Amino acid sequence: MKKKINIIIVSPSGAIDPAYIDEAKAVLKSWGHNVRVSEHAKGKFNRFSGTDEERIEDLQNAINDDWCNVILCARGGYGLSRIIDKIDFSPLLKRFKLIVGFSDITAIHCALSRLGLPSLHAPMAKHIATEPDSPAVQQLRKILDSPHHRITVSPHNRITAEGILAGGNLSILYALRGTPFDLDYEGKILFIEDVGERLYHIDRMIQNLRLGGVFGKIKGLVVGQFTDTDEDSSFPDGAYGIIADALKGYNLPVAWNFPAGHIDNNNMPLMFGAKYRLNADTLQKTFSLEQLAD
């Protein structure tokens with residue numbers, strides 16, 4: 001019989017329709033887990049789920065709570081950059097909890113990466129509530145049942161690299177550059193995705209990584225979904241063309257069009273802080289990404 005997981009749902013960023021939290025809680029309970037909802041998770045203050053102080057309180061309480069095994073972030077949006085430096089993540093070094101989320105939650109992933117702790121880039125409350133049978137949510141279910149998992153996509157061998165997976169939303173990674181929460185890119189396999197950005201904004205962010213020497217430090221790159229971008233004749237090949245142009249001269253394995261990011265149904269979970277092997281053919285754009293056993 002599998003062990004029940006104790007999950008706390010928090011909203012450290014944007015406000016969310018409370019119905020999504022209630023429905024996600026019901027789904028998680030149907031999987032056999034215990035679920036609590038933090039005090040201000042269903043709140044609203046301007047564009048946020050609560051004031052800075054309320055969101056700090058909820059996230060810190062979940063981190064400190066000995067009952068909790070998993071902290072599920074209800075949604076991304078915006079707001080963590082206002083409070084990330086006020087959160088004490090050190091209790092997780094003594095009693096680890098898996099923090100789950102993506103988009104603005106990238107700030108938490110970066111903070112945990114600096115501490116050498118894993119975290120899960122994965123669907124949040126809305127997708128759990130509305131797409132419980134989707135491949136991504138079912139993969140999340142398997143990970144909650146057994147965190148030591150393997151994931152392989154489109155096997156192919158050409159250029160191979162092994163490293164710790166890190167990254168997340170490109171806009172957040174860019175916003176954290178030069179701060180104490182900037183990733184240590186050395187030796188990492190980097191994952192990036194984004195949504196709703198103008199192509200010249202994407203170029204600016206990618207050039208920042210290039211100028212900062214990031215592409216010379218990482219061992220491989222996983223390019224997720226860049227959705228809802230505008231059309232711009234200045235960049236006829238879109239976001240992927242921008243990234244490919246910036247990578248010229250680097251002999252990196254690159255996984256293009258990885259099924260993760262701001263997409264429905266197929267935002268496949270990725271365990272940041274875990275070791276992966278990336279095999280990629282940059283010409284054919286086929287790849288495999290496999291989490292290695294501990």
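Biologist: In E7, which residue is the bridge partner of Gly-168?

Modeller: It's Ile-192. Before going further, a caution: this is a predicted model, with local features needing pLDDT of at least 70 and side-chain atom pairs pLDDT 80 or more, while totals for chains, interfaces and linings use all residues. Numbering runs from 1 along each chain as its sequence is written, and side-chain values use heavy atoms, with hydrogens and water left out.

That Gly-168 to Ile-192 link belongs to the pairing of E6 (residues 159–169) with E7 (residues 188–195), two parallel strands joined by six bridges. (Strands pair when DSSP finds at least two bridges between them; strands are DSSP E runs of at least two residues and helices H or I runs of at least four, numbered from the N terminus.) Zoom out and you get an open, mixed sheet of six strands, ordered E9-E8-E7-E6-E11-E12. E9 (254–255) and E12 (286–291) sit at its edges with a single partner strand each, so one side of each has no neighbour in the sheet.

Now look at what lies across E6 and E7: helix H4 (residues 106–114), running at about 125° to E6. (Contact is heavy atoms within 4.5 Å; axes are fitted to C-alpha atoms, for helices over the stretch in contact, with angles of 0 to 180 degrees between N-to-C directions.)

H4 and E6 also meet at a hole: each gives at least two residues to the lining of the largest cavity, which holds about 50 Å³. By class, the lining has six nonpolar, five polar and no charged residues. (Gly counts as polar, Cys as nonpolar, and Asp, Glu, Lys and Arg as charged.)

There are two cavities of 30 Å³ or more.

Terms used:
1 Å grid on protein atoms, 1.4 Å probe; cavity = no way out; pocket = protein on both sides within 12 Å on 5 of 7 lines; lining within 4 Å. Points joined across faces, edges and corners; volume = space filled by probe spheres on them.
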